[in-house]
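Okay, thanks for making time, everyone.

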Amino acid sequence: MHRTAVDNAVRGRGLAQQIFAETERIAREREVYNIRIDTDEDNKIMRHIIEKMGFTYCGVVIFANSPKIAFQKCVYPDRDR
């Protein structure tokens, strides 16, 4: 995921969570079981969503000379298939 945005008119309806869930579904479908994401330290809304969706804090990475807070989530294949 590179950017995630939800229009102010529909904020608070869980759309960002749906975007994350769909990303996980697509990752599993493509046999990608490790998702990494980063955000700016002051982006409290995105950090809240990332943590709520089960991502684990990994540390700080530098991207384009700017520190970013990095997270990771291991998503396992569906066991029912």
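**A quick tour, then one lysine**

Let's begin with the surface: the protein chain has about 6300 Å² of accessible surface, and carbon and sulfur atoms account for 48% of that. Keep in mind, please, that this is a predicted model. Along its principal axes, the C-alpha trace spans about 40 × 30 × 20 Å.

So what's it built from? You'll find two helices and three strands in the protein chain, and if you start at the N terminus the order is α-β-α-β-β. On contacts, take those with a separation of 6 or more: 53% of them are between residues 24 or more positions apart.

How many of the side chains are positive, and how many negative? The protein chain carries 14 positive and 12 negative ones, with the centres of the two sets 1 Å apart.

Now for the inside. The protein chain has 81 residues, and 23% of them are buried. I want to show you one, Lys68, which sits in strand β3, residues 66-74. Is Lys68 buried or exposed? Its relative accessibility is 13%, and the cut-off for buried is under 20%, so Lys68 counts as buried.

And what's around Lys68? Skipping the neighbours within four places in sequence, Lys68 is in contact with Asp38, Thr39 and Asp40, and also with Gly59, Val60, Val61 and Phe63. Zoom in on Asp40 there: its side chain and that of Lys68 are joined by a polar contact of 2.5 Å.

Definitions and conventions. Residues are numbered from 1 along each chain as its sequence is written. This is a predicted model: local features need pLDDT of at least 70, side-chain atom pairs count only at pLDDT 80 or more; totals for chains, interfaces and linings use all residues. Side-chain values use heavy atoms; hydrogens and water are left out. Helices (H or I, at least four residues) and strands (E, at least two) are DSSP runs, numbered from the N terminus. Buried means under 20% relative accessible area, exposed over 50%, partly exposed in between (1.4 Å probe, protein chains only). A polar contact is a pair of N or O atoms within 3.5 Å; within protein, one must be able to donate a hydrogen and the other to accept it, and residues adjacent in sequence count only if both atoms are side-chain atoms. Contact means heavy atoms within 4.5 Å. Accessible areas come from the Shrake-Rupley method with a 1.4 Å probe; for residues, only the protein chains shown count as cover. Lys and Arg count as positive and Asp and Glu as negative; His and the chain ends are not counted. The place of a charge is taken as NZ of Lys, CZ of Arg, CG of Asp or CD of Glu.
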